[in-house]
Amino acid sequence: MFSKHFRRGVVVAAMLAAFAGPASALSEDEVSVLAGTCANCHGTDGRSPGAIPAIAGQDYDILREQLLAFKAGEVEGATIMTRHATGYTDEELDALARYFSEIEP
Amino acid sequence: MITRRNMLALGAAAFVAPLAMPNILRAQGSAGRVVIVGGGFGGATAAKYIKRRNPDIDVTLIEAQERFYTCPFSNLYLGGLREFESIGHSYEELTGEYGVNLVTALAEDVDGDAHTVTLSNGETVEYDKLILSPGIDINWGALEGYDEAAAELAPHAWKAGAQTQLLRRQLEEMEDGGLFVLSAPADPFRCPPGPYERVSLVAHYFKEHKPNSKILILDSKDAFSKQGLFTAGWQSLYGDTIEWVGLSDDGRVVRVDAEALEVETEFGMVHRANVLNVVPPQKAGFIAERAGVTNEGGWVPIKASTFESRQVADIHVIGDAAIASPMPKSGFCANTQGKVAAAAIVASLAGNEAPAASWTNTCYSLIGPDYGISVVGVYEAVDDEVVQVEGSGGVSPADADADFRLREAQYAVGWYDAIANDTWGTVPA
């Protein structure tokens, strides 16, 4: 069984070994597919048209910390985001934070 | 023009020089032609996201209705919380901003070998890649006594439109003290929590306008989506207004007498309703059958990583018609499947491999206007099957306070605004 997590894990390990530095194993296409599902609540490209917070153009560090905190169950009063964030590796959450931080709000 | 044969020739050329393929296609005036049947959550999203990924691809959307009414939030209309037009969406963003060709016609037939779709207006459209997002059809004949004429008396209201408006009229015309009966089907069916949200919001309407009325759910199964949360919510908001009878307690309806507004269950019990809502057995929309992509159960087996049919090449099937379990048949899933199919098709037309698939689902249900609950899942493709990512997802906590329920109710509306904007470009009122 080769899940995307397994495959990405292998690639991450390989890249770390090769470059001895942090590098994203995710291609731009892959991150855009991961990010596609966020639009269902946060709006196309993260530009929310309604009551759910916009994520486009938010600060990368804040987005990243928030996603990791959701995943760890450390956000007081969180509704669905913990249940979402637990579906992604830390690398994926990092890539999503980067992706949305780089979109014009 | 790209026929299947010269596509094969192109495939052979690509084998020699993979990078040459997009150029050959462009030399013929297009980066490829994609035809999409069905302009709901799946099809409209696929059209938009193909264009966002590669505007040079020629995208034609075939949809019979000029305006699309969603099943999600149709229960809010039934409960008197929304106007009907607030769940209607049109295609101006797709045609205006994204350059999608919209054809208002019914797709009547598909020839998978010739790569053509025949329309009700007599036209034939050729495709390199076809996306079918036909939603469900009622499986007429699967429930004795329930046919199209019966549905005019005892509506299903499971495809939003005139049926939904008919059910609303019947609820409005019902005398206080009446009985609303909803017959719920066995799995699989569109929108697993839908029947239970529906009775919740009908109960809300009764509480405000017809407080002596009752609701009976006759169910063909022994368990349903978010059951614990629904049951607790019903008790808390509506007392004993709603009674649920599961399969083991003789809840399965086997015969409908729509003129008498009666249903008969497996062991011969007859229930008479004042308003009867039959949510009947379902199958993939008929164009899927015409395309030869359905199985003996009436649904469409797909390869998870691309949502391409397992039976016919170059036909991708998304939304409720596809077998994507453990993903539910929801508008949310159809939208995310549309995006995955879009990415896979754009990659394939450029001679590239599809990026790894990823989907999520969030189904909000309203038990009352200020009382929302949700279920979440995150999914990936493993060995070309859909699998829920371990440790992800789940339902709202059972012990949440009123503020939590209120926020989930507000997020439900926020979700609808966002997904309608993402899918059709609808700007919330």
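Okay, before anything else: what we have here is a predicted model. Let's start with the interface.

For our pair, chain A and chain B bury about 3,000 Å² between them, and 57% of that is on carbon and sulfur atoms. On the chain A side, A:Val33, A:Asn40 and A:Arg83 are the ones to look for: together they supply 23% of the area that chain A buries against chain B, more than any other three residues. If you'd rather count residues, the contact takes 33 from chain A and 48 from chain B.

So what holds polar groups together across there? Where do the pieces on chain A come from? Helices α1 (4-19), α2 (28-36), α3 (39-42) and α5 (81-85) of chain A each supply at least two residues of the side that touches chain B. The largest share, six residues, comes from α2(A). By type, the chain A side divides into twelve nonpolar, 15 polar and six charged residues.

One salt bridge to zoom in on is between the side chains of A:Arg83 and B:Glu408, at 3.5 Å, N to O.

From α10(B), the contact uses B:Gly331, B:Phe332, B:Asn335 and B:Lys339; from α11(B), B:Trp415, B:Ile419, B:Asp422 and B:Thr423. That makes three nonpolar, three polar and two charged residues.

Most residues other than glycine have a negative phi, and most peptide bonds are trans. Now look at the loop between β11 (179-184) and α7 (194-209) of chain B, where B:Pro188 lies. The bond joining B:Asp187 and B:Pro188 is cis, with omega about -5°. The peptide bond from B:Ser325 to B:Pro326 is cis as well, omega near 15°, and B:Pro326 is in the loop between β22 (322-323) and α10 of chain B. Finally, B:His115 has a positive phi, near 60°, in the loop between β6 (107-111) and β7 (116-119) of chain B.

Terms used. Residues numbered from 1 in each chain as written. Chains lettered and ligands numbered in written order. Predicted model: local features only at pLDDT ≥ 70, side-chain atom pairs only at ≥ 80, totals over all residues. Heavy atoms only, no water. Contact = heavy atoms within 4.5 Å. Buried area = accessible area lost by both parts, 1.4 Å probe. Salt bridge = Lys/Arg side-chain N within 4 Å of Asp/Glu carboxyl O. Helix = DSSP H or I, 4+ residues; strand = E, 2+ residues; numbered from the N terminus. Nonpolar A, V, L, I, M, F, W, Y, C, P; charged D, E, K, R; others polar.
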